[in-house]
Amino acid sequence: MTMALRPYQRAAVEALYDYFSASAGNPLVVMPTGTGKSLCIAGFTREAIAAYGDTRVLILTHVKELIQQNFMTMLRAWPEAPAGIYSAGLSRRDIRAQILFAGIQSIHRHAYQVQRCDLVLIDEAHLLGRGDSGMYRSFLAQLNEINAGLLKVVGFTATPYRLDSGMLHEGKDRLFTDIAFQVPVLEMIQQGYLCPVVPKQTSTQLDVGGVGTRGGEFIAKDLEAAVDRDEVTRAAVQEIVQHGEGRGSWLVFCSGVAHARHVRDAIREHGISAETVTGDTPGPERDGILAAFKAGRLRCVTNANVLTTGFDAPGTDLIALLRPTKSVGLYVQMVGRG
């Protein structure tokens, strides 16, 4: 009943067994972007059900693309999985499925409909803040109460820290208690599972001297005002085009919606196919743009704060960061898309 997992993925699953046989907390599994967290989730879920046939598993995340991606990974690895989706964005509400892939925005008020649940796996766990606020906290508290305090929660992330509150498993009001498994990026590159990151020194500099900070990060509208300047954009795009000459798929992170469109327009002026994805892009249009990008029909996508987590396009071979950040987590998530 085991899936074909890479050695480090198998080690992650074994580490969870070892953890739960010895401890009663809520562990984290830390794996770099691109190393197949969704396959680990699938493997762990399948083996849990093989060992205890009526195990009920809920896999939570925050965006519909990631729900769909994790669900499809499960079905590819285990075609007859008793799996369903609960997501308004995907127009599915399979609340009774034994393995339920759900969006937190859609399900957070429906703990009493979910009822019995043994295991909750949270993908992109770094998005949970500290403290008792937020949809995740209230939902998990209700679900734990319904399940007589026996609920097990596992978090999966590439970045086990938050800028505003430090490590996810430290501090008195944390949800996660330990790191059960962690594999470093460098080790994954050395073993050939990830391609090396090759940074390029640029002559164009983004001046953030006068940009204010709030909660440890640049204030968004001030950042965009400082960075979104025509002469800077043109110079930066000139460098992107030079570095991207022998590269197939370019992903550009921008400092705001208007900035992302201005960068796209400047790239198009060089005769390169480019589109923009922002939080305002309608779902079908966004899906079409990303499908064309993944298929290699579209060379460049610029975006503002939407493709930082859960976006999987293995063909991406140039990342341009026109979005300065003070957050190590955000930087790692952006670079990890490549």
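Student: Why is the charged end of R93 said to sit over the ring of Y86?
Tutor: A charge sits over a ring if NZ of Lys or CZ of Arg is within 6 Å of the ring centre and within 35 degrees of the ring normal. The charged end of R93 is 5.8 Å from the centre of the Y86 ring, so the distance meets the limit of the definition.

Student: What kind of model do these values come from?
Tutor: It is a predicted model, in which local features need pLDDT of at least 70 and side-chain atom pairs count only at pLDDT 80 or more, while totals for chains, interfaces and linings use all residues. Residues are numbered from 1 along each chain as its sequence is written, and side-chain values use heavy atoms, with hydrogens and water left out.

Student: What makes Y17 and F44 a tilted aromatic pair?
Tutor: Rings of Phe, Tyr and Trp (its six-membered ring) pair if their centres lie within 6.5 Å; planes under 30 degrees apart are stacked, over 60 edge-to-face, and the rest tilted. Y17 and F44 have 5.8 Å between centres and 50° between planes, so they pair and are tilted. The structure holds 4 aromatic pairs.

Student: Where in the chain do Y17 and F44 lie?
Tutor: Y17 is in helix α1 (residues 7–22) and F44 in helix α2 (residues 37–51), 27 residues apart. Helices (H or I, at least four residues) and strands (E, at least two) are DSSP runs, numbered from the N terminus.

Student: Why is the pair of Y19 and F20 called edge-to-face?
Tutor: The planes of Y19 and F20 are 80° apart and the centres 5.6 Å, so the pair falls in the edge-to-face class. Y19 and F20 are both buried.

Student: How do you know that N26 is buried?
Tutor: N26 has a relative accessible area of 15%, and therefore counts as buried. N26 is found in the loop between α1 and β1 (27–30).

Student: What makes N26 and L175 a polar contact?
Tutor: A polar contact is a pair of N or O atoms within 3.5 Å; within protein, one must be able to donate a hydrogen and the other to accept it, and residues adjacent in sequence count only if both atoms are side-chain atoms. A polar side-chain atom of N26 lies 3.1 Å from the backbone oxygen of L175, so the distance is within the cut-off.

Terms used: Buried < 20%, exposed > 50% of the residue type's maximum accessible area, 1.4 Å probe, protein only.
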